[in-house]
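Take a moment to look over the sequence and the model before reading on. Then follow the paragraphs with the structure open beside you.

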Amino acid sequence: QIWLRDANTIIPASRYFYDTPFLASWLEEHLFHQTPKGSLYDWIDSKGKMDKNTTETDQETSAVQAAYQVFQILGPDWLETEIQGQSIIERLERALEYVLRNRFDEALGLLKGAHTADWGDVDMVDEGQDAIYVDERTIWTADIYDQAMFYGACVQMSEMWDAVCQPQKAQKWKKQALSIQKNTHRTLWQKDKGFFRIHLHLSSFEHEFDEDDLFAMGGNATAAVLGLADIHKAQTIIETALKRQPIYQISTVSGTLLPPYPENTFAHDLMDQPYEYQNGAQWDWFGGRLITAMFESGYSQQAKEKLCEIIQKNAANQGFFEWDTRDGKGRGSDLFAGSAGILAQAVIEGYFGVEWTHNVLSLSPKLGEKDGRVFLRQPANGQSVRYDYAYEENEMGVLKITLQYSSSFDGEGAIRILVPRKEGRHTTAPDQRDFSLSIDGRDTDFELNTVGQDQFIAFHTDFKDRTAVIIIKKAQKLK
């Protein structure tokens with residue numbers, strides 16, 4: 001079986017190992033089987049079987065996000081490839097329009113889905129396989145995960161239409177994204193708690209406990225990494241995740257529902273106990289997204305620490321498990337490639353800071369005081385990029401960072417280098433005069449940028465074989 005949401009999250013890793021057919025053909029197959037109404041199946045297999053977990057509302061949005069990643073690698077021509085007389089981008093639009101027609105609550109201006117645990121596909125009322133399908137007993141909600149996925153898909157749909165020179169369609173989906181964002185912030189954001197509520201019930205049904213206190217990692221991390229949450233909301237979401245991990249004694253930041261639903265809230269035996277499966281167990285599939293958001297939101301030091309916790313857990317388990325117990329014991333599939341893809345994104349885009357499309361390249365190393373190197377090649381377009389990063393400190397406390405970089409990318413872009421921070425010392429300077437930058441021995445203009453707790457030295461460059469040297473003359477102690 002090839003699952004849409006899982007395969008979508010594999011691409012951040014697979015793009016560096018496989019050529020175009022592996023990146024695109026599975027998605028084209030899903031689009032080939034698109035229903036006349038525009039909906040897409042959850043999974044298809046080599047025997048022609050297919051099915052859809054109707055409790056969820058993320059199949060179509062996952063397809064758009066996967067297509068957006070392929071478009072970033074191959075360029076806009078691929079979007080105009082025809083499948084049974086209709087282009088890929090037209091089919092993607094039909095998919096999102098299906099969601100608006102069939103899973104949209106007009107009163108709230110938000111998407112709806114079955115009452116599950118955060119992002120999950122198991123409803124609350126059924127004991128067996130029926131738990132993944134809606135029926136007359138379904139309890140409907142508007143949840144943060146669906147809004148985040150749809151918002152991200154609308155933004156990406158807008159960018160793709162713009163890339164194929166359809167500005168009116170691009171504006172349509174941009175407007176839709178802004179509407180979802182506005183309504184989500186109005187209805188689901190909890191200012192007093194610092195995170196989005198898991199969902200809002202669309203009926204009179206109520207729990208006997210405070211459901212709004214459940215921190216839904218899946219929906220909140222997805223909102224942070226896809227931009228539904230602005231930078232300030234993303235930072236409070238991150239702070240909440242960091243605070244709750246030790247309170248609920250989870251071995252990594254991948255705990256998906258803290259606290260989980262009480263015992264027997266869900267009828268299914270995989271979900272009837274706290275901290276099992278989707279009811280509060282660890283899922284790197286979402287913990288990795290939070291770590292990527294941490295790197296983007298100015299929490300690089302904590303992001304590295306949390307990434308190392310996950311690495312240590314997976315090394316001990318000798319695999320990328322589908323989910324883990326509260327204390328980090330692997331459960332489910334031990335070859336869960338979706339988790340591997342998301343963690344690759346945290347490493348490549350977060351830690352090494354490589355952001356790369358067919359026409360844009362930027363580097364944002366967050367190695368700090370650690371030497372490191374990275375080499376990446378995309379078989380689908382033949383492009384490659386590498387850099388070597390070296391850190392030095394002399395006896396006078398003067399810091400030197402050397403970045404040697406090159407790429408086959410034909411163009412210019414931005415480089416932002418994290419100012420190192422270690423053991424209570426933050427190497428900031430009172431003003432820009434305490435920093436210097438040279439490229440290939442020539443003094444070069446730069447800026448100092450601050451995001452959250454992180455400070456960056458930023459400059460513009462081409463990606464020919466270059467050597468940048470940064471000197472930081474003062475290292476101040478943090479109080």
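Which residue stands opposite Ser 438 in E26? Asp 443 does. Before going further, here is what you are looking at. This is a predicted model, so local features need pLDDT of at least 70 and side-chain atom pairs count only at pLDDT 80 or more, while totals for chains, interfaces and linings use all residues. Residues are numbered from 1 along each chain as its sequence is written, and side-chain values use heavy atoms, with hydrogens and water left out.

Stay with that pair of strands. Helices (H or I, at least four residues) and strands (E, at least two) are DSSP runs, numbered from the N terminus. Two strands pair if DSSP finds at least two bridges between them. Strand E25 covers residues 435-439, and strand E26 covers residues 442-443. They run antiparallel and are joined by 2 bridges. Together they form a hairpin, with 2 residues between the strands. In the turn, Asp 440 has a positive phi of about 55°.

E25 has another partner, strand E29 (residues 466-472). This pairing is also antiparallel, over 5 bridges. Here Ser 436 has Ile 471 as its bridge partner in E29. E25 is mostly covered, with 4 of its 5 residues buried. Buried means under 20% relative accessible area, exposed means over 50%, and partly exposed is in between (1.4 Å probe, protein chains only).

A second open sheet has 3 strands, in the order E8-E9-E12. Its pairing is antiparallel. E8 is joined to strand E9 (residues 140-143) by 2 bridges. Ala 114 stands opposite Trp 140 in E9. Helix H5 lies across E8 and E9, at about 55° to E9. Such angles run from 0 to 180 degrees between N-to-C directions, and the axes are lines fitted to C-alpha atoms, for helices over the stretch in contact.

Next, find helix H7 (residues 217-226). How many of its 10 residues are buried? The count is 8. Among them are Met 217, Asn 220 and Thr 222. What do the buried residues of H7 pack against? Their partners are helix H5 (144-163), strand E11 (195-196), strand E13 (215-216), helix H8 (231-247) and helix H9 (284-296). Contact here means heavy atoms within 4.5 Å. After H7 comes Gly 227, with a positive phi near 95°.

Helix H1 is also covered. Of its 11 residues, 10 are buried, so H1 is largely enclosed by the rest of the structure. The buried ones include Leu 4, Arg 5, Asp 6 and Ile 11. They pack against strand E1 (2-3), H2, helix H3 (59-74), H9 and helix H11 (337-351).

Move on to the loop between helix H1 (4-14) and helix H2 (20-32), where Phe 17 is found. Is Phe 17 buried or exposed? Phe 17 counts as exposed because its relative accessibility is 62%. With Tyr 18 and Phe 22, Phe 17 makes a nonpolar surface patch of about 400 Å². Patches are made of residues with over 30% relative accessible area and no salt bridge; like charges are joined within 9 Å, and nonpolar side chains (Val, Leu, Ile, Met, Phe, Trp, Tyr) within 5 Å. A salt bridge is a side-chain nitrogen of Lys or Arg within 4 Å of a carboxyl oxygen of Asp or Glu. Accessible areas come from the Shrake-Rupley method with a 1.4 Å probe, and for residues only the protein chains shown count as cover.

Finally, look at some backbone details. Gln 249 is in the loop between H8 and E14. Its phi is near 55°, a positive value in a residue other than glycine. Gln 249 is exposed, at 59% relative accessibility. Tyr 277 lies in the loop between E14 and H9. Tyr 277 has a positive phi of about 50° although it is not a glycine. Tyr 277 is buried, with a relative accessible area of 13%. Pro 259 is found in the loop between strand E14 (257-258) and H9. A cis peptide bond joins Leu 258 to Pro 259, with omega about -5°.
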